[in-house]
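Trainee: I would like to take a close look at a single part of this model and then see how the rest of the chain relates to it. Please keep the account connected.

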Amino acid sequence: MNVDPDTIRIAASVLNADNGVIQWRLNDGAWQPVSGGGFTPPAWAFPPSAVPGGRAGQNEIVVQLLETAPPTTCPNPNQAGMLLHVAATYDYEPRVWTQVIEDQHVYYLDETGTRQDAIPDGQRIVPCGGGAGGECCPQPECRNASTLLLCDAPTDGESEATVTDTVPGPFYPYPTGLPMAGAQALWDGGTLTLPPGTGPQPGTTGTVRTFAATVQAPRPACDTGTAHVAVSVDAEQLGPDTGCAITGAVRLFNGTTPVATVLPPKDAEVGWAGTLTVEADVPAADLAAGNIAFFVALDTYDDSPQACPGSPRETSWELSGVTASVAYEQTGCATQFFRTVTVDCETGAVLTVTDTTLDGDPYTVTGEAGECTTAGGDCCPTEECRDTSTVLLCDLDPECQAGIEPTATDEPNPASFNNWAPGAPVSGWCLLDTTGQGAPVWTGGAAVIGPDPACPASSTGDTHRAIGVHLAAGSPTLTGTVSVTVSLRATNNGPNSGWQGDGRFALWDASAASRLTHVDVPVSAPVGSSHTLTLTADVPAAALATGDIVAILDLETYHRAGPKAWTVDEFSWSAEVPPVECEAQFLRTFVKDCATGATVSVVDTTLDGEPYEVTGDVGECTSSADSCPVHVIEQCRCDDADGDGVGEVDYVELVGVDTCTGDLTVIGTYTEDTSAPYTPVSPVECEPGGAPTASGVQAHRVDLDPGETWDATAWPTLRSVTAVARGTGTVTTADGTSSLVASESVTWSVARDADALLTGPLTVAATTGTVAVSWTTGVNL
């Protein structure tokens, strides 16, 4: 029996009235005095009372009695009679023992399964369910317990960002920048007003107000190494003028490397208001270290009359509502644990909930508990099936004007240009127009100028004639200056030699009525002498694009010594015109559900993997005047990143194929989903079961002369076809025959990478002029 010694209670009765109980004790405990004991009948008794001193096992009760009868009443006290009745009660918890008889040997197992050869002293064995009419073994309560595998997902990945003012200089190293300090009030949620500029920064044409702040957030105990940062600011253009071209920028930097950029609208009007937000994924360590910076640059003064008529323009801004949010990526950071739930199987009430590690140790949830698995379930959700494909596209500026072919056009009134005294009338000689006479020179021929008789309007009789040419090249889109070189040869045909002023060759900007440079014909040029005259000058690009750059040759055809004629030839000119980029290349990645074919997302990036925002019209990139498409192929590669000889990292190499020349250009290497650039450590051959065999396209091209035909049936792995007509032709498809008009371009191609080939019927025939046919066929690389 599991007796609780502290529950032993004693009750006693004395049946002889002339005897009393003085005190008692239990074992070695303190004596317990008895008061109120009388000596008169009936028998004296006291109720059960707890007695200290109980112990496990056998207990001894000691009672002190008193004989109170006098000798006269009881001559022989030793013969006095007394009956003392003592009853002891106590509480107990039955202990269950299992008796095992094995090979005629008996031993016992306690409730914990520990073997003992005998039960402890002071305890005895009784049958369960009986013994003294009581139940030895209580029936166990009905309980049901179930165990779940749960995940403790951390919730400390999203924390409050600290935005602290910092110097903006490292983020805008340009002389137009005017750094601002004291923007902390803005970062703290206040308002900042930028007044309009009163003038440009020294040596520049504008003023750009700049300010910046660092963004920092404490790093959680577990993350993937990546964090997402988003910062926004509300901006309003207060005037007084409309902005000029690009009016500012909001950027996110990692160190001094920009990772995200957003711009206010070009030529922002007074009253424009909007929220400018930049966001990007950044290394978690850099965010925790405070290396992420938010930068704002806004124009307040711009004096660019060529780009913005009415310059200078002054603008002011009001900024407010700055918000910054950060989220550390914590995929894979959840901790698995067991949760055991015990319920009453009769009432269904939850009795206990116990959390343990997978090893059975106690576990305390620190984040958000969620289901990982139940019996027979999946721990990890099934990954959705996705197909990705990437194409090289171009962002075409609809307002951009491509470079024009250089032209040289005869000036109809060359005598209106005074090579000798710009802006003043000719004095001392006659200057005659040679309208149209110089035209053969500008196309590679020659012209004879003079001889002339003495000019009656001149005191000396001197006569001059002039020829001129308008030069045009470049594009109105270009700004600044362009270096132009003009050259021709003048030969004195006689009959007389030259005099002191034989002539002058000058270059003019007609739009500004200014002479840019000049060179003189050598004085006293002998008969038969030839002189090459060359001019070089930096001319306004805008004037060159509009044909306002004019070269004027003034030759003396009569002097007091007599008449003379000149042959002008060997004209040439050149302009160092920079290329006009009307298209920006970018990568567009399509993500599709491989089960339904539905487009899940479309992501645009630069060729370096940075986010890209389209500003114009999207179209195929071109590499020549024949508009040859550039196709992009994805080559799956493997990288031995840890040097063990096995390519354990899959990555993608994007290659552009010029369908006119067949030239291959490596665009770059990217992660497997092309979401970011990837630099391989040691490219190796892919092992079986790794990256699949790379496939691509082979470029082809042919010019069809009139009467010739191209047929798709000759190319069983056809992927795309483009026909460009320089004359006329016909196209035959499953829909019949149709006309191909001059300058028309038509293209057919497979819609998806999963499509095997482009099927016919498809034939292209040239009727008049040539038809260029470019096509690609599928190949294994």
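What is the relative accessibility of aspartate 520, and which class does aspartate 520 count as?

Mentor: Aspartate 520 has 36% relative accessibility and therefore counts as partly exposed. The classes are buried for under 20% relative accessible area, exposed for over 50% and partly exposed in between, with a 1.4 Å probe and protein chains only. The model is a predicted one, in which local features need pLDDT of at least 70 and side-chain atom pairs count only at pLDDT 80 or more, while totals for chains, interfaces and linings use all residues. Residues are numbered from 1 along each chain as its sequence is written, and side-chain values use heavy atoms, with hydrogens and water left out.

The side chain of aspartate 520 forms a salt bridge with that of arginine 504, at 2.5 Å from N to O. This pair joins distant parts of the chain, since aspartate 520 belongs to strand β31 (residues 514-520) and arginine 504 to strand β30 (residues 503-509), 16 residues apart. A salt bridge here is a side-chain nitrogen of Lys or Arg within 4 Å of a carboxyl oxygen of Asp or Glu. Strands (E, at least two residues) and helices (H or I, at least four residues) are DSSP runs, numbered from the N terminus.

The loop between β30 and β31 holds alanine 513. Alanine 513 has a positive phi of about 50°, although it is not a glycine. With 60% relative accessibility, alanine 513 counts as exposed. Another residue other than glycine with a positive phi is aspartate 267, where the angle is near 50°. Aspartate 267 lies in the loop between β17 and β18 (273-283), and its relative accessible area of 37% makes it partly exposed.

Strands β16 (residues 248-254) and β17 (residues 257-262) pair in the antiparallel sense over five bridges; strands count as paired if DSSP finds at least two bridges between them. Within this pair, valine 250 is opposite valine 262 of β17. The hairpin has two residues between its strands, and glycine 255 there takes a positive phi near 70°.

Returning to the salt bridges, the whole structure contains eleven of them. One joins the side chains of arginine 489 and aspartate 569, at 2.9 Å from N to O. Here too distant parts of the chain are linked: arginine 489 lies in strand β29 (residues 481-495) and aspartate 569 in strand β34 (residues 562-575), 80 residues apart. Arginine 489 is partly exposed at 24% relative accessibility, whereas aspartate 569 is buried at 13%. Arg489, Asp569 and Glu570 are linked in a salt-bridge network.

A further salt bridge brings together the side chains of aspartate 604 and arginine 588, at 2.8 Å from N to O. Aspartate 604 sits in strand β36 (residues 599-605) and arginine 588 in strand β35 (residues 583-593), 16 residues apart, and they too link distant parts of the chain. Both aspartate 604 and arginine 588 are buried.

Cis peptide bonds also occur in loops. The bond from serine 311 to proline 312 is cis, with omega near 5°, and proline 312 lies in the loop between β19 (292-302) and β20 (313-328). The bond from glycine 450 to proline 451 is likewise cis, with omega near -5°; proline 451 is placed in the loop between β27 (447-449) and β28 (463-474).

Another element to inspect is an open sheet of four strands, with antiparallel pairing and the order β43-β48-β45-β46. Its edges are β43 (709-711) and β46 (736-740), each with a single partner strand, so one side of each has no neighbour in the sheet. β43 and β48 (residues 763-768) run antiparallel and are joined by three bridges, with threonine 709 opposite alanine 765 of β48.

For the chain as a whole, there are four helices and 49 strands. Of its 781 residues, 37% are buried. Among contacts (heavy atoms within 4.5 Å) with a separation of 6 or more, 72% are between residues 24 or more positions apart. The chain exposes about 40,500 Å², of which carbon and sulfur atoms supply 52%; accessible areas come from the Shrake-Rupley method with a 1.4 Å probe, and for residues only the protein chains shown count as cover.
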